[in-house]
Amino acid sequence: TPRPRVRITEVGPRDGLQNEPRPIPLDTKLELLSRLSRTGLKHIEAGSFVSPKWVPQMADSANIARTLPTRAEIASTPAGEKIRWSYLCPNMKGMESALEYKVPEIAVFLSASEGFSKKNLNCSINESFEKVIPVVKAAKAAGIPVRGYVSMVITCPYSGKTPPQMVLKVTEKLLEMGCYEVSLGDTVGMGTVDTVGTLLKCLKEEGGIRLEDYISGHFHDTFGMGIANVGEAVKWGVRGFDGSVAGLGGCPYAKGATGNVATEDLVWFLEGAGFDTGVNLEELAKIGDWISADIGRRNESRVGKAIMSK
Ligand code: HMG
Ligand code: MG
């Protein structure tokens with residue numbers, strides 16, 4: 001019998017690199033995307049159409065969006081499935097770029113906490129909805145699938161604990177708007193199996209949301225709870241997870257901050273739990289080792305390091 005599939009979204013080239021203080025050459029980014037395309041990963045975030053003043057590292061996303069379609073050799077996975085390159089779009093200005101470069105997919109991102117909404121998007125949660133509605137409309141009109149993100153789903157450094165009902169409210173709105181799924185961001189990695197379980201229970205039982213179809217888990221691993229939280233989410237029926245190769249991410253200037261759950265760890269865990277990820281772990285581990293060395297960071301994937309030291 002075939003093993004059940006899980007959906008993996010590789011966010012390393014976007015979430016992983018966006019905080020790097022030193023500029024990373026465009027060629028390095030393209031090489032990373034190209035190598036990732038050969039691992040079996042089908043859904044890869046390639047960049048962000050955000051303000052270059054806010055996130056300078058993503059300022060070359062237009063170059064990426066322009067270049068990827070010209071490289072036929074990375075259009076599909078080794079198994080022949082089309083790769084969905086995705087780009088973050090916070091507003092219509094970002095959407096104009098998405099349309100100009102005919103990107104295959106976009107993601108919109110909102111916060112479940114007012115404090116982070118202000119810090120990350122320079123507006124309230126309600127105002128952010130007003131900016132995102134036309135983006136989703138324009139994407140739908142152009143036939144571009146939209147993924148939704150909700151940030152600070154557990155706790156927020158500016159607003160404190162996030163009530164699960166708040167996450168439910170934002171998630172429901174994103175789904176009503178037409179996002180095909182919502183990725184729940186534990187942005188600061190402070191979630192535990194308890195708080196993650198409570199949140200998923202709320203979405204499922206109070207919200208009636210089919211977690212297996214509409215929810216992905218986006219766990220930052222700052223407190224080392226990422227994989228434990230993935231395990232809890234799997235038990236609740238979640239079948240989509242975001243990871244960052246080598247655990248890339250986090251600001252080197254913010255003490256203790258780290259990136260997403262490493263995709264290598266995610267693949268190891270999910271395959272071990274009987275799921276089919278479609279990802280070649282050995283290849284992914286090599287990429288994690290290469291990109292960490294190339295940008296002068298430690299490889300944060302325990303699984304990646306274990307595989308590479310064999
Ligand atoms: P604002 O300053 O309020 O925007 O920022 P504005 O509309 O007043 O425009 C100000 C300037 O930005 C103007 O330029 C605009 O043209 C320009 P100026 O006239 O001053 O030269 N601008 C843009 N430029 C390029 N692309 C655009 C764009 N929009 C405006 N799309 C804004 C509001 C939303 C633009 C800003 O706050 C922003 O870019 N924020 C993005 C922050 C970001 O990317 N954060 C990281 C991604 S989210 C994340 O990591 C969380 C996630 O991983 C999940 C999780 O872990 O929780 C997804
Ligand atoms: Mg994130």
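**Figure 1. Overall dimensions of the predicted model.** The protein has a radius of gyration of 18 Å (taken over C-alpha atoms), which agrees with the value near 19 Å that a compact globule of 310 residues would have, by the rule of 2.2 Å times the number of residues to the power 0.38. Its C-alpha atoms fill a box of roughly 45 × 45 × 40 Å along the principal axes. This is a predicted model, in which local features need pLDDT of at least 70 and side-chain atom pairs count only at pLDDT 80 or more, while totals for chains, interfaces and linings use all residues. Residues are numbered from 1 along each chain as its sequence is written, with chains lettered from A and ligands numbered from 1 in the order in which they are written.

**Figure 2. The surroundings of ligand 1.** Here you can find 23 residues around the ligand (C-beta atom, placed from the backbone, within 6 Å of it), the closest being Ser51, Gly94, Ser151, Gly185 and Thr187. At least two shell residues come from each of α4 (92-100), α5 (114-121) and β5 (146-151); these are DSSP runs, with helices being H or I of at least four residues and strands E of at least two, numbered from the N terminus.

**Figure 3. The buried side of α5.** Look for Phe116, Ser117, Asn120 and Leu121, the buried residues of α5 (20 or more other C-beta atoms, placed from the backbone, within 10 Å of their own). They lie on the same side of α5 because they cover an arc of only 105° around the axis, judged by the directions from the helix axis to the C-beta atoms. After α5 comes Asn122, with a positive phi near 60°.

How values were computed: A residue is buried if 20 or more other C-beta atoms lie within 10 Å of its own, exposed if 12 or fewer, and partly exposed in between; C-beta atoms are placed from the backbone.
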